[in-house]
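Welcome! Take a moment to look over the sequence and the 3D view, and then let the notes below guide you around.

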Amino acid sequence: LGAVAALVRSVGSADFRLPHTGYSAPAGIPAGAVTAEDAELIAHLAAEGTVRMHLTLTPQKLPDVVSHNVIADLKGSENPEQVVVVSGHLDSWDLGTGAIDDGAGVAVAMEAAEILQKLHLRPKRTLRVIAWMDEETGGSGSQAYTKEHSSEFPHHVAAIESDAGAAHPLGFDIRMSNAAADLIRPVLNVLQSIGANAVENRPYPPGADIATMSENTVPALGILQDGRTYFDYHHSAADTLDKIVPEELRENAAAMAVMGYALASMKNPLPR
Ligand SMILES: [Zn+2]
């Protein structure tokens, strides 16, 4: 049962879609998610002896309906055709309210544009806020965006997504050329005062909704967050607004705003 608990735990993290875990539930086999806390309790009890569990799985899959990505542009002053995407995803699991996954990401992306407006900072390039629809059940929102905008991807200077929680930002996961990563580092120095200056260049896309852009060589960034409590709440009834620390959410908005503005205003677009 300890192994089952570990498996159930990995089902719970499937939303993360890290290629090195690559887990998705086989079609037709019922799969449930429990919090890391519960998985550890089950593993602990299993080590003591026989454990019987009663699982009540309430979700149901309803037919698809029409829904939408929500997109807003803060038009660039000099190169409006060049776009920097700041984003999070709009849908969530319906057990809680999806505050951490990923209401926080949408709030942070919207706030990045709001902060620039408040400071009267007009980026040279367009800052595009995207609240992606349907990250959780297959990514049809990002597929629809790709269908409509892939011809513009050469002018998509960078894409940022926040989909790893609402906790204190540590920096950015990035996927881009080394030459581009070198240009990111001075920007991170600005974020050193809030401890958000780490950078990890990854071999995989740092966000599910920006994965297609990343596969099409658009430099991609994900906010790297303190993930220690993320899986206590992820995809469970416990994912509600009371778990979010306002100060940490503000730090994430600052990180997104600084990075978004820098990418939208630096002299030349990041090299591919
Ligand atoms: Zn998510």
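In what order do the strands of the open sheet lie? The sheet has 7 strands in the order 1-3-2-4-7-5-6, and their pairing is mixed. Please keep in mind that this is a predicted model, where local features need pLDDT of at least 70 and side-chain atom pairs count only at pLDDT 80 or more, while totals for chains, interfaces and linings use all residues. Residues are numbered from 1 along each chain as its sequence is written, and side-chain values use heavy atoms, with hydrogens and water left out.

**The sheet**

- Strands of a sheet pair through backbone hydrogen bonds, in either a parallel or an antiparallel way.
- Here, two strands pair if DSSP finds at least two bridges between them; helices (H or I, at least four residues) and strands (E, at least two) are DSSP runs, numbered from the N terminus.
- In the order 1-3-2-4-7-5-6, the edges are strand 1 and strand 6 (198-201), each of which pairs on one side only.
- From one strand to the next, the twist averages 20 degrees; axes are lines fitted to C-alpha atoms, for helices over the stretch in contact, and angles run from 0 to 180 degrees between N-to-C directions.
- Strand 1 pairs with strand 3 (residues 125-132) in the antiparallel sense, over 5 bridges.
- L74 stands opposite L127 of strand 3.

**Helices packed on the sheet**

- Helix 3 (residues 99-118) packs on the sheet and touches strand 1, strand 2 (79-89), strand 3 and strand 7 (220-225), where contact means heavy atoms within 4.5 Å.
- The direction of helix 3 makes about 145 degrees with that of strand 2.
- Helix 4 (residues 140-149) also packs on the sheet, touching strand 1, strand 2, strand 3 and strand 4 (156-161), and its direction makes about 145 degrees with that of strand 3.

**The loop between helix 2 and strand 1**

- L55 lies in the loop between helix 2 (36-48) and strand 1 (70-74).
- Is L55 buried or exposed? L55 is exposed, because its relative accessible area is 54% (buried means under 20%, exposed over 50%, partly exposed in between, with a 1.4 Å probe and protein chains only).
- S67 lies in this loop between helix 2 and strand 1 as well, and S67 is partly exposed at 38%.
- The C-alpha atoms of S67 and S193 are separated by 40 Å, and the two residues are 126 residues apart along the chain.

**Salt bridges**

- Side chains of opposite charge can pair when their charged atoms come close.
- How many salt bridges does the structure hold? There are 9, each being a side-chain nitrogen of Lys or Arg within 4 Å of a carboxyl oxygen of Asp or Glu.
- D182 and R185 form one of them, with their closest N and O atoms 2.9 Å apart; they sit 3 residues apart in helix 5 (residues 178-190), so about one helical turn separates them.
- Both ends of that pair are partly exposed, D182 at 47% and R185 at 40%.
- Salt bridges that share partners join D73, K75 and R128 into one network.
- Within it, the side chains of D73 and K75 meet at 3.7 Å, N to O; D73 is partly exposed at 32%, and K75 is partly exposed at 45%.
- E215 forms a salt bridge with R175, the closest N and O atoms being 3.5 Å apart.
- This pair links distant parts of the chain, with E215 in helix 6 (residues 211-215) and R175 in strand 5 (residues 169-175), 40 residues apart.
- E215 is exposed at 52%, whereas R175 is partly exposed at 22%.
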